[in-house]
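Here's a quick briefing to read alongside the model.

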Amino acid sequence: MSNRTLTLTPPLYEYLCKVSLREPKLFARLREETLRDSGATMQISPEQGQFMGLLVELTGARNILEIGTYTGYSSLCMALAMPEDGRLVCCDISEQWTGIARRYWTEAGVEDRIRLHLAPALETLAKLLAQGSAATFDMAFIDADKEHYPEYYEACLQLLRPGGLLLADNTLWSGRVIDAADANASTAAIRRFNLMLHDDARITLSLLPIGDGLTLALKK
Ligand code: SAM
Ligand code: CA
């Protein structure tokens, strides 16, 4: 028994996945293709994706915003968990990576639910606000360039309805947030973002040690 969050050793992590992960073959194929093509590991982990799908189902979210889509893993997890008439607005700047996402959305049969905006996310968010979308989103997921997290947060708070849920990824940043010698701009922005939320009375807050740290903030 433990009254603090466990450290997940590799064997315990393996066990967690063995007894809880139900990753569809299509999702696994997307992870393999992404790793092969980019060599990068920018995707969320499969257990985090499954948890985010559960959150979509739990909240009944039908209008979701994603900032940072890449090859589509997180968008796929959320889109497949929404009702058929749900809408997912995706923001990214990479035609190349989102080209892979589009292929998988089609294969999964969710392409009709997704609107991709290929532009800097701050521009897309400003456009959504100008078009009258304030307080219309049920959920928002922030996972693009870390330097802009504080700005994405403020825009998302305006776009979410009261009771809407904000998710922000990588908020433990491989532990770099507590490395005093790390003066990297992304690390500094995540630290600033975390403190901003801690002091913000407009939200109910939780930071989960899943994946690279996932912050949940419920707009009051
Ligand atoms: N959520 C994705 C997943 O789990 O599969 C991963 C997203 S990846 C960490 C970050 C993405 O943000 C990249 O695809 C990158 O092109 C995009 N990005 C970077 N700067 C951006 C910006 N200013 N506006 C919109 N997207 C941006
Ligand atoms: Ca991420």
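Why is strand E1 (residues 63–67) largely enclosed by the rest of the structure? Five of its five residues are buried, so the rest of the structure largely encloses strand E1; buried here means under 20% relative accessible area with a 1.4 Å probe, protein chains only. Keep in mind that this is a predicted model, where local features need pLDDT of at least 70, side-chain atom pairs count only at pLDDT 80 or more, and totals for chains, interfaces and linings use all residues. Residues are numbered from 1 along each chain as its sequence is written, chains are lettered from A and ligands numbered from 1 in the order in which they are written, and side-chain values use heavy atoms, with hydrogens and water left out.

- Helices (H or I, at least four residues) and strands (E, at least two) are DSSP runs, numbered from the N terminus.
- In a regular strand, side chains alternate between the two faces of the sheet.
- On E1, Asn63, Leu65 and Ile67 point one way while Ile64 and Glu66 point the other, and all are buried.
- E1 runs parallel to E2, with five bridges joining them (strands pair if DSSP finds at least two bridges between them).
- Ile67 sits opposite Cys91 in E2.
- From E1 the chain goes through H4 to E2, a right-handed β-α-β crossover (with the strands pointing away from the viewer, the path from the first strand over the helix to the second runs clockwise).
- E1 also pairs with strand E4 (residues 137–142), again parallel, over four bridges.
- There, Glu66 faces Phe141 in E4.

**Largest pocket**

- A pocket is an open set of points on a 1 Å grid over the protein atoms alone, where a 1.4 Å probe fits, with protein on both sides within 12 Å along at least five of seven lines; lining residues have an atom within 4 Å of a point.
- The largest pocket holds about 550 Å³ of space, a volume being the space filled by probe spheres set on the points.
- It has 30 lining residues, and Met42, Gly68, Tyr70, Asp143 and Ala144 are the closest to its centre.
- Helix H4 (73–81) and strand E2 (87–92) each supply at least two lining residues.

**Second largest pocket**

- This one has about 450 Å³ of space.
- Of its 19 lining residues, Gly49, Gln50, Phe51, Gly53 and Leu54 are the closest to the centre.
- Helix H3 (46–59) and H4 are the elements giving two or more residues to this lining, and H3 gives the most, with eight.

Terms used. Buried < 20%, exposed > 50% of the residue type's maximum accessible area, 1.4 Å probe, protein only.
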